[in-house]
Amino acid sequence: MTAFDVWGERKRAEAFDPATAIERKDGCVVIHADRRDHEGRLVHYKVLNQLIRQIMAEGERHIILEGVMGHRYIASTANRKDVYIEIRGTPGNNLGAFLDGPTIEVFGNAQDMTGNTMNSGKIVVHGNAWDVTGLAARGGTLLIKGNTGYRVGIHMKEFGGTRPAMVIGGTSKDYLGEYMAGGTIIVLDLDCQDDRSPVGMHLGAGIHGGKIFIRGKVEAHQLGPGAVMDQVDGEDAPELEALIAEFEQAFGSSVPRYWEEWVKVSPASSRPFSGHYDPTSV
Amino acid sequence: MIATLAATKRRMELEAPDRFRPVVDHDLCRKCKKCVTECSFRALEFVDGAVKPIGGCVACGRCINVCPAHCIEVRQIQSMFPPHANFNEHVRRGIMSQATTGGVLLTSCGTDIPYPVMFDEMLLDAAQVTNPAIDPLRETVETATFVGGRKGFLEVKESGRLYMEKEPGPMVAMDMPIMIGHISLGSVSYNAQKALFAAAKELNILAGSGEGGLHKDFNIYSQNVVSEVASGRFGVTGDYLKRTAAVEIKIGQGAKPGHGGHLPGEKVSALISQTRMIPLGTDALSPYPHHDIYSIEDLQQLISVVKEATEYKVPIGVKIAAVHNVGAIASGIVRAGADFITIDGFRGGTGSTPRIIRDHVGLPIEVAISVVDQRLTKEGLRNRVTVFAGGSIRSSADMIKAIALGADAVMVCTAALVAMGCRVCQQCHRGVCSWGIATQREELVARLDPEVGAARVVRLLRSWNEELKEILGAMGIDSVESLVGNRDRLRYFGPNSKIAEIMGVKHVGEGWG
């Protein structure tokens, strides 16, 4: 027996009976994230995430989240490769942060910081994913059907056999791939209506590893320091082909492959600031 | 174009001359060449049957200590520059070096500019007559410190049961109010980090991982490690966060507020590459800001996601450099949900920083601690966090004064490295540390025995803790927690009473009434 009678937060959390939100059918577990407690409050993200952790620990492999309304931090640090999480609704910020293995599929839009520092696994978004998507990812795949916001793929990096990859079906904004240290970002701009560039300014600023492939026009002034632009060549084709096929399979779309319409942005050096400093130490 | 010009037209006579010269007493020299092989800065040579200096000495003192004949001394080369108080030697050397290389001047350790040190301008109180002093050798003087938020209030109900408005957060106990600061694997060697972790385990205190991840061999120390989440997210995985005693989100560092990290490719060895999870030989760049944090609200989200990741089992802290608005920033950090705050003053050390930032940016830790403590107390937030203070805690006196100013515990880095052999020669960024500390070269790393290093750090910090007990006893205080923010036991003895006023410390001569 504990000497403490704890109320406040825990009492509120327990006022909601998780059992009413869980439904088991056809080998999968459905969690209704839109259920409310007796005071009309939506299921708190802490309760939802605790439920997801608990269900994963029970060995369930297919989890469906229904009616997600901005719940943050869903499936952060989830680490079982065979888990598939289906999200219906709009997950909140930091979806799949530190993700290590599972596949998350969002039937809707994702918000900011999706796949923050992910290690492995896959996040598929049937909609837009906004700012800072894939920050510091070091493995795994992010497939975004729609558009992305600012500062996407910042400081993605690769190590040993793991390389992060992100395929964006629509466009991206400023600072795409800033500080990038490895992996691949592809911008497809499939809904291209005019000849505007599918990416913004400061593209690959400070990039020192990895590659960014863009289907469409990029002007030299859009490039950030440390980035160089090139034609896509035969060497890149197998990697592009594999990621594009994965994208097509996920969304049932078809991507034109006229490589002459593409550009490749890569680092000028793996040591972008080697000449910047004076180590004399006077 | 300018860089090429500089490279092609380098003129030796225009470059800054050496500051130090090893001098060998050739009568005593046994010609064993030990000094030559041990000098990792290549400042000595054995030619024509004698050891001779060839320039580049940094006064690391390795040759002095390894010489079996005790026949080497290192002399500071004086009177090289015509005296000028304004354009002093320091200034002129900077100009000469930059005119040669055209680069941003790099340096290491804490600032060497003789700014006033307020720790040295404060005196402690002692008990006399009206309250008795305590003898710490015979009576208990408690120095255990708990890290984490003291959230909510305990209430005794009529039934006799204890009630808390909020569930208490996770806490970590330390045997003394000292944490070994965040010194990453990369900035220091495997052996150096091993020694620091082993010392922390032996002392039952915490040690920071730094932003370089946690090597798998160090999992045995994970319950004494605070893992760090910095902007580069090096080595940060769910497992890394979960297995350590606490997690700290690093926003800034006292030696380089507002600056990111930059581990040059030369230091990214196989070992560093594995632990940081980055490719071999590339620069390890930490972005200047966290790109998912542009506001207190964003910080709140990163704190929350780390709490989710660790399932609310460990305290989550935030480390900031002491800057001008530190009080308001600390207040925001507490409101964002941090369980502890680490404030790093501008005199703090580093393995590499632009000199311009190290020497000219930030706030002294003495002022920062007091400002933060006063602000949090005023806003009713102080109980929610543990406050760590770092940035040149050189001795137990600094530690005791920092605690009296308002810190719960201090963070010690440079002093622990000095205990292991560091001479503060400020060359860490060059990666050739002759003492095997700030280097990744195997032959140099092997010079530091982790067991010896750990034992020396343990002895140092234990003695500090004993000195803390002596002072607490002399003040008639039986627990270090009662000294936290007890500014009434300090008196200012310096030239600037405005500083005393800001720190909330009375001037010498002022009594309690």
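When I say two residues meet, or are in contact, I mean that their C-beta atoms, placed from the backbone, lie within 7 Å. Keep that in mind, and keep in mind too that this is a predicted model.

So, with that word in hand, let's start in chain B, with helices 9 and 11. Helix 9 covers residues 326–335, helix 11 covers residues 365–378, and their axes come within 8 Å. They cross at roughly 50 degrees, and therefore the two helices are oblique to each other. The crossing is right-handed. Who does the touching? From helix 9 of chain B we have B:Val326, B:Gly327, B:Ala330, B:Ser331 and B:Val334, and they meet B:Ala368, B:Val371, B:Val372, B:Arg375 and B:Leu376 of helix 11. Sort that contact by class and you get seven nonpolar residues, two polar and one charged.

Okay, another pair in chain B. Helix 12, residues 396–405, and helix 15, residues 450–475, have axes that come within 9 Å and cross at roughly 55 degrees. That angle is why we call helix 12 of chain B oblique to helix 15 of chain B. Here, too, the helices pass in a right-handed crossing. On the helix 12 side, the contact uses B:Ser396, B:Met399 and B:Ile400; on the helix 15 side, look for B:Trp464, B:Glu467, B:Leu468 and B:Ile471. That contact splits into five nonpolar, one polar and one charged residues.

Now the cores. In soluble globular proteins, nonpolar side chains tend to be buried together. In our model, the largest nonpolar core has 208 residues. Which residues have the most contacts inside it? Those are B:Leu196, B:Leu206, B:Ile343 and B:Val410. Take B:Leu196: leaving out residues up to four places away in sequence, it touches B:Ile180, B:Ile183, B:Ala207, B:Ala416 and B:Val457.

Next, where the chains touch. On the chain B side, 44 residues are in contact with 50 residues of chain A. Which elements of chain B each supply at least two of its residues there? We have helix 4 (89–101), strand 5 (104–107), strand 9 (162–164) and helix 8 (296–309). By class, the side of chain B that touches chain A has 16 nonpolar, 18 polar and 10 charged residues.

That brings me over to chain A itself. Chain A has three helices and 14 strands. Its C-alpha atoms fill a box of roughly 65 × 60 × 30 Å along the principal axes. Of the 282 residues in chain A, 48% are buried. And if you take contacts in chain A between residues at least 6 apart in sequence, 42% of them join residues at least 24 apart.

You'll find A:Ile52 in helix 2 of chain A, residues 45–57. Is A:Ile52 buried or exposed? We call a residue buried if 20 or more other C-beta atoms lie within 10 Å of its own. A:Ile52 has 23, so A:Ile52 is buried. Not counting residues up to four places away in sequence, A:Ile52 touches A:Ile31, A:Ile63, A:Ile74 and A:Ala75. As for A:Gly182, 130 residues away along the chain, its C-alpha atom is separated from that of A:Ile52 by 31 Å.

That's my tour; happy to take questions.

Notes
Residues numbered from 1 in each chain as written. Chains lettered and ligands numbered in written order. Predicted model: local features only at pLDDT ≥ 70, side-chain atom pairs only at ≥ 80, totals over all residues. Axes fitted to C-alpha atoms, helices over the stretch in contact; angles between N-to-C directions. Helix = DSSP H or I, 4+ residues; strand = E, 2+ residues; numbered from the N terminus. Parallel < 35°, antiparallel > 145°, perpendicular 65-115°, else oblique. Left-handed = near helix turned anticlockwise from the far one by under 90°. Nonpolar A, V, L, I, M, F, W, Y, C, P; charged D, E, K, R; others polar. Core = buried A, V, L, I, M, F, W, Y, C linked by C-beta atoms within 7 Å. Buried ≥ 20, exposed ≤ 12 C-beta atoms within 10 Å, placed from the backbone.
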